[in-house]
Amino acid sequence: MPPQRKLPRQNLGEAAKAFGLSARTIRHDERVGLFPEAAHAESGCRQYADKDVNTLPLHHDA
């Protein structure tokens, strides 16, 4: 079996900064189901794959 390729990951702060959203907004969106819950690192920090981060601002564009 070939080794699994790890996707590039961003933490909550990096994802928030990249899209001009606050970390609080992203946490809220996860809590109310507007965005799927993020994977967590061993440390407990949220980790977002690039493909996940690209969907973050969609509902904030209006």
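Predicted model: local features only at pLDDT ≥ 70, side-chain atom pairs only at ≥ 80, totals over all residues.

Residues are numbered from 1 along each chain as its sequence is written, and side-chain values use heavy atoms, with hydrogens and water left out.

Let us start with the strands. Helices (H or I, at least four residues) and strands (E, at least two) are taken as DSSP runs and numbered from the N terminus. Two strands are said to pair if DSSP finds at least two bridges between them. Strand β1, residues 9-11, runs antiparallel to strand β3, residues 46-49, and three bridges join them. Within this pairing, R9 stands opposite A49 of β3. Strand β2, residues 39-40, is also paired with β3 in the antiparallel sense, over two bridges. Here H40 has R46 as its bridge partner. The hairpin of β2 and β3 has five residues between the strands, and in it G44 takes a positive phi near 100°.

R46 leads us to the side chains. Which residue meets R46 in a salt bridge? The partner is E30, at 2.8 Å from N to O. The term salt bridge requires a side-chain nitrogen of Lys or Arg within 4 Å of a carboxyl oxygen of Asp or Glu; the structure holds one. Buried means under 20% relative accessible area, exposed over 50%, and partly exposed in between, with a 1.4 Å probe and protein chains only. E30, at 10%, is therefore buried, while R46, at 23%, is partly exposed.

Next, the aromatic rings. Rings of Phe, Tyr and Trp (its six-membered ring) pair if their centres lie within 6.5 Å; planes under 30 degrees apart are stacked, over 60 edge-to-face, and the rest tilted. The count is one aromatic pair. F35 and Y48 form it, tilted, at 5.8 Å centre to centre and 45° between the planes. F35 lies in the loop between α2 (23-31) and β2, and Y48 in strand β3, so the pair ties together parts 13 residues apart in sequence. F35 is buried at 6%, and Y48 is buried at 1%.

Finally, D52 belongs to helix α3, residues 50-53. D52 is partly exposed, at 23% relative accessibility. The C-alpha atoms of D52 and F35 are separated by 8.9 Å, with the two residues 17 apart along the chain.
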